[in-house]
Protein chains: 2
Amino acid sequence: MKTSTTPVDIQKAATSKIENTDFNNLAFGQVFTDHMMICDYKDGAWQTPKIQPYGPLEMDPSARVFHYGQAVFEGMKAFKDEEDQIWLFRPEDNFERINKSSERLAIPAFPKEFFFAGLEELLKLDKDWIKKGFGNSLYIRPFVIATEAGVSAAPAKEYKFMIICSPAQAYYSGEVRVKFSEEYSRAADGGVGFAKAAGNYAAQFYPTNLAKDEGFQQIIWTDANTHEYLEEAGTMNIFFRVGDKLITAPTSDRILDGVTRKSIIALAKEFNIDLEVRRVSVKEIVEAAKSGDLKEIFGSGTATVINPIVGFGHAGKKYDLPKLEDSYAGFFKDKLTKIQYNQAADKFNWRYQVK
Amino acid sequence: MKTSTTPVDIQKAATSKIENTDFNNLAFGQVFTDHMMICDYKDGAWQTPKIQPYGPLEMDPSARVFHYGQAVFEGMKAFKDEEDQIWLFRPEDNFERINKSSERLAIPAFPKEFFFAGLEELLKLDKDWIKKGFGNSLYIRPFVIATEAGVSAAPAKEYKFMIICSPAQAYYSGEVRVKFSEEYSRAADGGVGFAKAAGNYAAQFYPTNLAKDEGFQQIIWTDANTHEYLEEAGTMNIFFRVGDKLITAPTSDRILDGVTRKSIIALAKEFNIDLEVRRVSVKEIVEAAKSGDLKEIFGSGTATVINPIVGFGHAGKKYDLPKLEDSYAGFFKDKLTKIQYNQAADKFNWRYQVK
């Protein structure tokens with residue numbers, strides 16, 4: 001996309017924090033780059049995007065986002081190849097999805113040319129924060145918040161669309177055991193589960209804390225009506241390998257349409273891996289675990305890429321998964337990251353160069 | 001409650017905005033008093049509550065509330081009687097409920113003595129903003145937001161508990177027609193519908209906009225599984241009068257335990273009004289509307305007190321409700337407001353004097 005016609009007001013930081021940043025000890029999402037992108041919505045229109053030094057926002061205590069959760073976000077990554085070229089992975093999908101999320105939360109759509117112009121100028125300014133080497137990346141967080149003052153429960157007339165960036169190393173959260181939810185729910189039919197709505201995330205913290213007390217790190221959410229079907233993990237979509245067959249739930253108004261998820265589906269088709277996109281019952285997975293047919297469970301998401309799961313719990317019982325030499329998780333992670341880092345051919349045109 | 005032992009750091013505003021406030025033309029929740037209460041949570045504890053001039057907050061762009069919606073709130077009112085005495089209505093119920101909401105959102109509980117000490121000091125400082133006269137009140141908005149910087153999807157370690165106040169006139173939103181939801185949902189079983197979680201509110205904006213396009217002002221949410229049972233209106237609980245019988249849905253993990261709702265239930269018992277707290281089916285209400293047995297629908301909530309509804313829509317049809325001389329809505333509103341304004345006996349001990 002040509003972005004040269006979209007003006008972006010740029011105010012550079014006087015000094016850089018990069019010398020004080022230990023790139024070998026990065027906790028996820030804790031350190032931010034020197035700049036941020038801000039675009040205000042007021043008087044019925046998105047104003048000129050601005051890039052300015054990363055720093056605090058002044059917010060009225062009655063701002064809508066604090067009271068009514070009118071906020072959505074995205075997660076993306078930028079990668080640097082061995083020739084110092086900067087690459088994004090399917091950024092148009094993130095752009096389209098944030099506007100889908102916004103629509104469901106009654107937030108005005110953000111213009112595509114503003115998104116790409118602002119994002120690319122920001123990445124070029126902060127390019128030194130993107131480190132070469134497998135596993136290194138720049139995590140990109142676009143988000144929209146309702147900033148209008150006033151505590152009436154109605155859509156705001158003022159918003160901020162922002163992009164902040166945080167350098168990241170390979171995401172490793174230790175061995176992950178998941179609990180299949182039997183009581184708590186993430187999303188209702190006809191609700192906002194498909195959107196990256198802020199409120200979807202806080203709603204998972206308490207049940208996840210309870211699961212942690214039982215020795216699990218995450219929850220696989222089941223359908224709220226029956227708790228009989230496995231849906232997603234809140235920050236990841238979920239894949240199950242039974243024998244050599246890969247199964248994942250279809251997207252719906254409860255399940256996020258993950259970019260990594262659909263990339264895995266495309267790769268599975270390319271490499272003739274038997275894949276079924278259909279409802280996945282708790283019963284079949286428990287039975288497959290008992291019979292030994294359940295080979296893998298893994299999560300997929302931008303931050304984690306592919307997150308292998310070592311075991312799960314259901315109905316008071318814990319099940320371990322086998323350790324595989326040739327896992328699908330490893331296979332897809334290798335294929336995906338090589339495309340992301342410009343080390344493999346990109347037959348699907350997923351890479352997007354920032355230059 | 002004795003609050004004299006709880007210290008509150010008070011910094012008074014240099015000037016008051018009250019002279020510039022037109023108390024005869026107040027839009028709900030748009031004007032705020034001179035002061036606000038702030039209490040920070042850090043290092044595992046709530047710090048000393050502070051009262052300071054109302055003004056903007058400085059927030060890191062990565063603050064959890066912007067990304068993960070970790071935020072809850074309450075709504076209360078203060079009233080002034082003819083002797084300039086200040087009264088709250090069942091404030092302990094709001095206090096208990098905000099901690100229930102917080103627990104579900106993995107936010108640390110707020111100490112009761114901090115709540116009442118901060119609230120009462122704030123009301124005493126801003127007492128001139130509470131105007132006498134039926135319908136006038138001070139709307140009080142306690143809320144908690146996750147302020148910790150960092151975009152990892154986990155409960156924050158830093159929060160702000162705040163109270164802001166806005167002078168209010170009688171809440172009149174015009175004739176209200178409601179749509180019974182057939183597609184969209186507010187809450188899932190096992191979700192956060194019972195909590196005053198910020199994200200519950202933004203999730204309603206888009207479906208409500210669609211309903212407005214069809215000529216309705218609000219939605220009555222139905223159960224997400226079947227859409228066959230009427231639950232609540234998002235900012236109000238809902239009562240139906242069929243013949244002389246009053247019916248309202250039981251509270252659940254999807255339905256807010258409204259203070260006004262339970263006050264109406266208590267008053268109905270006191271005055272021997274036939275009341276059933278049970279599931280209310282769409283089918284029975286539509287049939288009662290057709291037969292003429294449906295006499296009233298009204299909403300109940302702190303901001304609105306009692307909000308009579310003039311008609312509803314379902315399955316593409318619109319139904320009008322009769323205009324009654326002796327409505328239950330009018331009866332309960334009279335009883336409730338007289339107690340709130342210290343013009344009637346308070347046999348349930350609902351009033352709480354601030355002095």
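**Figure 1. Area buried between the two domains of chain A.** About 1800 Å² is buried between domain 1 of chain A and domain 2 of chain A. Carbon and sulfur atoms give 64% of that area. The model shown here, as in the other views, is predicted. The domain assignment places residues 9-170 in domain 1 of chain A and residues 176-340 in domain 2. Their C-alpha centres are 27 Å apart. Domain 1 of chain A brings 21 residues to the contact, and domain 2 of chain A brings 23.

**Figure 2. Packing of helices α2 and α3 in chain A.** Helix α2 of chain A spans residues 91-104, and helix α3 of chain A spans residues 112-125. The two pack at an angle of about 130 degrees. Their axes lie 11 Å apart. The crossing of α2(A) and α3(A) is right-handed.

**Figure 3. Residues at the contact of α2(A) with α3(A).** From α2(A) come Pro91(A), Glu92(A) and Phe95(A). From α3(A) come Lys112(A), Phe115(A) and Phe116(A). Four residues of this contact are nonpolar and two are charged. No polar residue takes part.

**Figure 4. Interface of chain B with chain A.** Here 60 residues of chain B contact 60 residues of chain A. The two chains bury about 4700 Å² between them. Carbon and sulfur atoms account for 64% of this area. On the chain B side, Pro61(B), Phe66(B) and Phe205(B) supply 14% of the area that chain B buries against chain A.

Key:
Residues numbered from 1 in each chain as written. Chains lettered and ligands numbered in written order. Predicted model: local features only at pLDDT ≥ 70, side-chain atom pairs only at ≥ 80, totals over all residues. Heavy atoms only, no water. Axes fitted to C-alpha atoms, helices over the stretch in contact; angles between N-to-C directions. Helix = DSSP H or I, 4+ residues; strand = E, 2+ residues; numbered from the N terminus. Left-handed = near helix turned anticlockwise from the far one by under 90°. Contact = heavy atoms within 4.5 Å. Nonpolar A, V, L, I, M, F, W, Y, C, P; charged D, E, K, R; others polar. Domains from an automatic or database assignment. Buried area = accessible area lost by both parts, 1.4 Å probe.
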